[in-house]
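Please look over the structure shown below before reading on. This report goes through a selection of its features.

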Amino acid sequence: MLVKPSSPRCVGQELDQEDAATFFIRPVGSTENGNIQTIQVSISDPEGGILLEDSVHSGEVREISKNIALRGVYQMCFANNGDQAMHVIFYVSFKNRGVERSKKIDKNIPSVERKLLSAELLLQDISHEIDFAKRQESALMDVIDATNARIAWFSYLSMFVLLGTAAWQLIYLRNFFTSKKLL
């Protein structure tokens, strides 16, 4: 990704609760005149909490490992305070621990009980998915309501402008025709 001076760029990666994520960051920039370029990196969780806020020099590789506590989109933002554009190579590697957790059922438990425990873990995962979907739906509904209100106000404003223009045209044309004694 190209990061131009004074124009921060952000990308997001959706991560699930209990994932083990590793963020890899490597800025690539020229070292003209012996100056090493740096880029400001910040990684934030879905609630806006900062996981990392640091400067990374060109050619340096930064690796941050984190166990994910909140499900949602994690933002990686890059800001270039230098005078030349810089490329940033980055990627996010993650392992789903929810799958590993469900495999930790003891083999000594009778098969029916083992199936029940497996079903219970699966039901918990589905319940967490439903809760997350409900929270997302609620947030989207708030955005939809705000957008609909803005559209309604824009419609009222458009109608007001249209009616005002129509009234002005009627008055202007009436005055024009009466001045020409055609009316």
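How many disulfides does a search of the whole structure find? The search finds one. The model is a predicted one, and each value in this report is computed from it.

**The disulfide**

A disulfide is a covalent bond between the sulfur atoms of two cysteines. Here the two cysteines are Cys10 and Cys77, with their sulfur atoms 2.0 Å apart. The pair links distant parts of the chain: Cys10 belongs to strand S2 and Cys77 to strand S7 (residues 72–79), and 67 residues separate them. Is the disulfide of Cys10 and Cys77 right-handed or left-handed? The torsion about its S-S bond is about 110 degrees, so the disulfide is right-handed. Cys10 has a relative accessibility of 45% and therefore counts as partly exposed, since this class lies between the limits of 20% and 50%.

**The four-stranded sheet**

Strands S2 and S7, which hold the two cysteines, also belong to an open sheet of four strands. The order in this sheet is S2-S7-S4-S5, and the pairing is antiparallel. Which strands stand at the edges? They are strand S2 (9–15) and strand S5 (50–57). Each has a single partner strand, so one side of each is left without a neighbour in the sheet. On average, neighbouring strands of this sheet are turned by 15 degrees against each other, direction ignored.

At the S5 end of the order, strand S4 (residues 38–44) and S5 run antiparallel and are joined by seven bridges. One of the residue pairs is Ile39 with Val56, the latter being the bridge partner in S5. In a regular strand the side chains alternate between the two faces of the sheet.

**Strands S3 and S6**

Another antiparallel pair is formed by S3 and strand S6 (residues 62–67), which six bridges join. Within this pair, Ala20 has Asn67 in S6 as its bridge partner. Why is strand S3 (residues 19–28) described as largely enclosed by the rest of the structure? The reason is that eight of its 10 residues are buried.

**Salt bridges**

A search of the whole structure finds two salt bridges.

| Residue | Partner | Closest N and O atoms |
|---|---|---|
| Asp54 | Arg62 | 2.3 Å |
| Arg62 | Glu60 | 2.7 Å |

Arg62 bridges to Asp54 and also to Glu60. In this way Asp54, Glu60 and Arg62 are linked in a network of salt bridges. Is Arg62 buried or exposed? Its relative accessibility is 18%, so Arg62 counts as buried, the limit for this class being under 20%. Asp54, at 28% relative accessibility, counts as partly exposed. Glu60 is partly exposed as well, with a relative accessible area of 24%.

**A nonpolar surface patch**

Which residues make the nonpolar surface patch of about 650 Å²? They are Trp168, Tyr172, Leu173, Phe176, Phe177 and Leu182. Tyr172 is found in helix H2, which covers residues 111–179. The relative accessible area of Tyr172 is 48%, so this residue is partly exposed.

Notes
Residues are numbered from 1 along each chain as its sequence is written. This is a predicted model: local features need pLDDT of at least 70, side-chain atom pairs count only at pLDDT 80 or more; totals for chains, interfaces and linings use all residues. Side-chain values use heavy atoms; hydrogens and water are left out. Two strands pair if DSSP finds at least two bridges between them. Axes are lines fitted to C-alpha atoms, for helices over the stretch in contact, and angles run from 0 to 180 degrees between N-to-C directions. A disulfide is a pair of cysteine sulfur atoms within 2.5 Å. Buried means under 20% relative accessible area, exposed over 50%, partly exposed in between (1.4 Å probe, protein chains only). A salt bridge is a side-chain nitrogen of Lys or Arg within 4 Å of a carboxyl oxygen of Asp or Glu. Patches are made of residues with over 30% relative accessible area and no salt bridge: like charges are joined within 9 Å, nonpolar side chains (Val, Leu, Ile, Met, Phe, Trp, Tyr) within 5 Å. Accessible areas come from the Shrake-Rupley method with a 1.4 Å probe; for residues, only the protein chains shown count as cover.
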